[in-house]
Every structure is written in structure tokens, then in C-alpha cells.
Amino acid sequence: MNFTIPKDIDMTQQASWCPGCGHGIICRIITEAVEELGVSNKVLTVDDVACGQFGQFAMKYNTVMGAHGRTIATAAGLKHARPDCLVIARPGDGSAYSIGIESTLYSAIRNDNILAIVINNSVFGMTGGQMSPATLPGMKTATSPFGRDEKKNGSMLDITKILSQTDMAYLARGAVNTPANTEKTKKMIKKALEKQMNGEGFCLIDVLSMCPTNWKMSEIDACEFIKTTQSKYLPLGEFIDKGGDK
Amino acid sequence: MSKVIVDFKRCKGCFLCTSVCPKGVLIPSTQLGPKGFEIVQQDEEKECIGCGACYKMCPDYCIEITD
């Protein structure tokens, strides 16, 4: 079987993500899902002011840079302006679940017909690995050097528990730590894009992604950390699939 | 037999490909690439089975596989 780089990946330049970062893998599976659906000329992405912004150097799609945390709100506006386009917001967990939690919640409540792919590495990546709402209990970060203390810092946020109460179209969690999980996540993205094409409403896919630099571990250990720890607190799977099998 | 094509200029030496290759075709090279990272190399004695695991895990689009 042949495996070739998707045409929608821009090979004339290279995004400056750290070695072993999951962002690059996520961009590849987005472009593969889009190409399989044959809708490359209709995709608009909205990037966040964070590590996700380098996606504009990895993918050839037209991109709007949203203000930090307002990626999903910007994507919702973009969809209203260009309903013929497929709009994909790509915030991180620090953006979508902290400063932008109201954008995320109200897009789900309004059931905006967009796709949000949240790259969840349990830290604020670009600013130096500070604690985010999705930081695991006991996890060491720049602002919780002795580990997240739930009594002091509050409990970890699992967005699926909040959004599962809304009337959104699709809610799932994938990961990119193994080839098998990467393929499953790609199928989730493809399904969510099909739902957007059918006008079903808001889709959010939380993707567990490696951040070896801020987790202070090797790239391979970071993949193992997702398997042994992060996915135990943040379970993978589909939580809402309106009109689907579940 | 499948063939792995690696663009060493893009490699940042994360070695995710080496960790998932079931046949050990890709291994660390102990050589620095143009970006200053230790890059991967192919073990010529091992045969690629074309599973695509390395392609699926490479975050920098360095790897392609042909039949």
C-alpha cells in the first residue's frame, strides 16, 4: 500500500513545532479526511494564538487567526458569513476550556454548524507549559511545580461531561499517540465534516496530543503518558453522535 | 517489498517512527541533520512491510511509502 503526503499539506515550508508534537499529525489527518471527502476548496480553518497557529504553515487552506480563546466564536461568525464553506476551528485546551470556555459552551448551546478540533495536551503549550483546566490531578506544570492540587487548584475539567448535556451534533475524544488511535481520530474528523456538510450542527473532537517539551519527557515517553495516564482521566470514544449508531 | 522514502531534511529527530516500526527498519542514526537534530536512518538489512505506522506517526511529513 502506498502512503503519500496529502496534497493539502504545504511541503514548501515547515511548521516550527517542537519534535514529537502532535499538532503535525493532527494537521495531516485533517487534510486526509478533507481530501477523501473531496472538499479541499471549501475548507476554512480558524487558528488560535498558540502553538496551533503554525497550522497555517502546514496546511494550504485559507485561514483566519482568531484572538486567543475566541477561535470557536470566530469560526461561528465565519460560518454565518460563508455558509457554503466547511469551517474548522483548531484551538487548544488552554484556549477552548479556559479563556474561551464561554465560546465553546455557547457554540454547543446554539448548535453552530462548525467543527472544533481541540488539541488537548493538558497544558498551555506556547506560553511555557502552565496549568490548564485539563491538567491532570497531580500533574507537574510550570505553575504547579509540585503537581496539581485539587483542593488548591480545583478539579480537572473533562469537557465531555459538560457538553454531553447540550444538544450538539457530535462529541468525541481521540488521540494521536499510536497509529491506531490516529486512524480512529481521522475517522472521527471525517464523520464530523460529513455532519457539517449535512447541516447537523456543532461538532467537537477533543484530541489528546503529545507535548514532550512541556511535559519534560522524551517524545516516545509522551506517547506512553497518553496511554497510561492522560487517557485514563480523559477517556477516548464518542459521547454524542446524533443520528449515528449510539 | 515496500520502500520507505525519508526526507531527512525535514526530520526533527523525535523517533516516533522508530518506536512504532514493527520490523525495526527505521533506527536512530547518531548523525545530525541540517536542523541540528539527530535524524533517523534505514537499516538496509530489514525489510519494510508497508504497514504505514511510521508515516502515520511522523509529525513533520518526512516519510512516504511506496510498493
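The model is predicted.

**Where the chains meet**

Chain A puts 23 residues in contact with 22 residues of chain B. Three helices of chain A each supply at least two residues of the side that touches chain B: helix 1 (23-37), helix 8 (179-197) and helix 10 (219-233). Helix 1 of chain A gives the most to this side, with four residues. By class, the side of chain A that touches chain B has 12 nonpolar, eight polar and three charged residues.

**Two helix pairs**

Two packed helices are described by the angle between their axes and the distance between the axes. Here are the values for chain A.

| Helix pair | Angle | Axis distance |
|---|---|---|
| Helix 1 and helix 8 of chain A | about 50 degrees | 9 Å |
| Helix 3 (residues 71-81) and helix 5 (residues 101-110) of chain A | about 40 degrees | 7 Å |

Take helix 3 and helix 5 of chain A. Their angle makes helix 3 of chain A oblique to helix 5 of chain A. A:Ile72, A:Ala73 and A:Ala76 of helix 3 meet A:Ser103, A:Thr104 and A:Ser107 of helix 5. The contact has three nonpolar residues, three polar ones and no charged ones.

Now helix 1 and helix 8 of chain A. Their angle means that they are oblique to each other too. Helix 1 of chain A passes helix 8 of chain A in a right-handed crossing. Among the residues making the contact are A:Ile25, A:Ile29 and A:Glu32 of helix 1, and A:Thr182, A:Lys186 and A:Leu193 of helix 8. By class, the residues of this contact are eight nonpolar, two polar and five charged.

Terms used: Residues numbered from 1 in each chain as written. Chains lettered and ligands numbered in written order. Predicted model: local features only at pLDDT ≥ 70, side-chain atom pairs only at ≥ 80, totals over all residues. Contact = placed C-beta atoms within 7 Å. Nonpolar A, V, L, I, M, F, W, Y, C, P; charged D, E, K, R; others polar. Axes fitted to C-alpha atoms, helices over the stretch in contact; angles between N-to-C directions. Parallel < 35°, antiparallel > 145°, perpendicular 65-115°, else oblique. Left-handed = near helix turned anticlockwise from the far one by under 90°.
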